Every structure is written in structure tokens, then in C-alpha cells.
Amino acid sequence: MPTGRQTVERRQLGLTLRRLRREAGLSQQEAARAINRHYTRISHLESAKASLSIDELGLLLDRYGVSDADRETVLALGAVARKRQRGKGYTDQLPKSFERLADLQADAAAIGFYDTGIIPGLAQSQDYVVALMRAADGIWWEASEDEIERRVDFRLQQQRRVLEAEEPKQIDFVLTESALDEVVGSLAIMRGQLLHLLQLGERPSVSVQVLSRTATSKPLLGGGLITLDFAGNAPRMTCTTSHGPCTYHDQELETAPMFRAWESVRELALDSESARALLIEKLKELK
């Protein structure tokens, strides 16, 4: 069976379907029976090497017991994934885009995080997460205590999913010094966040660096970047972040300069030991 290029959209669809199948407690063989296909079709689908017709995708979602709202999103993603020709970048504007980014992170072998003025999601303490979600409540979604709780639970679960993966991932954070000084919630929450970063930096497969405000010639001013490396199992990807939807890149012509910018930021940032010393200094200032 011929296989297609592993685009961002195909990988998002495949990983979403793998997650839904596992949540339904089904094997690939059992899923394949729903569409009268060999189980290898499901394997190729989940690894982004094949696609399904909309009718087949609908039958699969029926078998997985997917709710109406999620079903519409997956069918829309399936339609996007079948379009092999596209321009530069792919902006995920479908509902629950954060879930698909989480799937990509969970599948990656190495992840790099850079952001300005905020601690990256996977490095946030629980209290910091809660404070962020409360600040966003009623702005990015309709005010809802249930939605706050759902989003907090999802982020904490995603942290465990990535940081405590059975096969350890290499995870590198580059924080801006401004993120350490920006008070989120309260000074007490920031003290807890700094302690959390110190603990994260002790993990063997995690590095925490800080880009000092005095550093010059910064190539990523004004935006965030996530790099995703799949250890040769799929093309490496980048995700540029903002307050809107994520825009993904998966073509080497686009990702190569972004990875160069990422490496440049890492070289400019304080190394792990110097960053640790700065975190301790900031922690003392908050007492």
C-alpha cells in the first residue's frame, strides 16, 4: 500500500485516533473490523502514513464512541489531512487544538521550549497553572469553574504524560528572565514556581536555561517556539506560539532556520548551572 508524506495534519489525525482508540479500550485489529480493513491500515493511519475516506473515518468514530462535538472536529481534521498540497505552515484553528499539540509532544523524542514573559506549560507549577487559567477565564472561553478545572487537570496530566514517559524524552527549556520576574497570581505562587524549576532542572533528561535580559542579538524576540524531534520516525516540526492558534511547520526549508534560531537562543542563554544560581538568587529576593 502506498504511503503519504507525514504532514502535521496527518500526524495530528493519526495521534488523535490512536488516543481515541486506546480510550475505547480497542486493539488495532478490533478497530480495523469496523471499516472492514486489515489491521495494518489502522497502523499506517495512526503513524500518519495513510488516510481514510470520510465515510470510513465516521465508522471508526462510531466504533470509538466519540461524542458529537469531538466527532465534528475529528472529521474536519480528517478532511484537512487529505489535502496533500498546501502552502507554508499549517495553523490549527479547530477546537481543542491544545489536545493535538499535547499528542505531538507525547510522541516526540526531544522537545525544546522557548517563550517570552511566561513559564512554558510543561514547566509550570500547579499553583502557577491555576493562576493562569483563572486569569484567562471569561476571556479566552466563557467564564466557567468547570472549564478552569478541566484545563488545569489537562495541563497537569500532560506534564506527567511527557515528563514521566516510559521512555524518557530530552526536554530543554529556555526561559526569559522577564518570565521569572512577571508575577503570576502572587509572590507566594512565584516562590513555588521558582522551586519547581529548580526541581525540574535536577532531572537527568531535562535542562533549564535562562536568557538574561542583558543578552544581545536575540533571534526570537517577541514570540515563542516549540521544537519537536521524533528521532527519525517522522519529519521534525516546529510550532510558533502566540495568544491565538498554533502554527506548525514540517518542511525542512521552514524548520531548518527555526531550529537554528532555537540553537542560537540556547547558546545565548545561561547554562544550566548559571541558570540555577540565578533562580536561587531570584528566590531569595522574593523572601
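# Strands, helices and cores of a predicted model

Biologist: How many residues of β4 are buried?
Modeller: V206, V208 and V210 point one way from β4, while S207, Q209 and L211 point the other way, and all are buried. In a regular strand, side chains alternate between the two faces of the sheet. Strand β4 (residues 206-211) is largely enclosed by the rest of the structure, because the number of its residues that are buried is six of the six.

Biologist: Which residue stands opposite L211 of β4?
Modeller: Strand β3, residues 170-176, pairs with β4 in the parallel sense over six bridges. The residue opposite L211 is T176.

Biologist: Is helix α7 parallel or oblique to helix α10?
Modeller: Two packed helices are described by the angle between their axes and the distance between the axes. For α7 (residues 126-136) and α10 (residues 187-200), the angle is about 135° and the axes are 8 Å apart. Angles over 145 degrees would count as roughly antiparallel. The angle found here therefore makes α7, relative to α10, oblique.

Biologist: Which residues of α10 make the contact with α7?
Modeller: By class, this contact has four nonpolar, one polar and one charged residues. On the α7 side the residues are D127, Y128 and A131. On the α10 side they are I189, M190 and Q193.

Biologist: Which helices do the buried residues of α7 pack against?
Modeller: Y128, V129, A131, L132, M133 and A136 are the buried residues of α7. The helix is followed by G138, which has a positive phi near 80°. The buried residues of α7 pack against α8 (145-163) and α10.

Biologist: Is Q159 buried or exposed?
Modeller: Q159 has its place in helix α8. Leaving out residues up to four places away in sequence, Q159 touches G121, L122, Q124, V129 and E164. Q159 and Q124 lie 35 residues apart in sequence, but their C-alpha atoms are 8.8 Å apart in space. With a relative accessibility of 9%, Q159 counts as buried.

Biologist: Which element gives the largest share of the largest nonpolar core?
Modeller: The largest nonpolar core has 62 residues, and those with the most contacts inside it are L17, L60, F173 and L180. Its largest share is six residues, and they come from α10.

Biologist: How many residues are in the second, separate core?
Modeller: F173 of the largest core is in contact with residues including F113, L122, L200, V206 and V208. The second core is separate and includes Y114, V174, L220 and A261. Its number of residues is 11.

Biologist: Where is K96 found, and is it buried or partly exposed?
Modeller: Most residues other than glycine have a negative phi. K96 has a positive phi, near 60°. K96 sits in the loop between β1 and α6, and its relative accessibility of 31% means that K96 counts as partly exposed.

Biologist: What is the relative accessible area of A231?
Modeller: A231 lies in the loop between β5 and β6. Its phi is positive, near 55°, in a residue other than glycine. A231 is exposed, with a relative accessible area of 55%.

Terms used: Residues numbered from 1 in each chain as written. Predicted model: local features only at pLDDT ≥ 70, side-chain atom pairs only at ≥ 80, totals over all residues. Heavy atoms only, no water. Buried < 20%, exposed > 50% of the residue type's maximum accessible area, 1.4 Å probe, protein only. Helix = DSSP H or I, 4+ residues; strand = E, 2+ residues; numbered from the N terminus. Pairing = 2+ DSSP bridges. Axes fitted to C-alpha atoms, helices over the stretch in contact; angles between N-to-C directions. Parallel < 35°, antiparallel > 145°, perpendicular 65-115°, else oblique. Contact = heavy atoms within 4.5 Å. Nonpolar A, V, L, I, M, F, W, Y, C, P; charged D, E, K, R; others polar. Core = buried A, V, L, I, M, F, W, Y, C linked by side-chain atoms within 4.5 Å.
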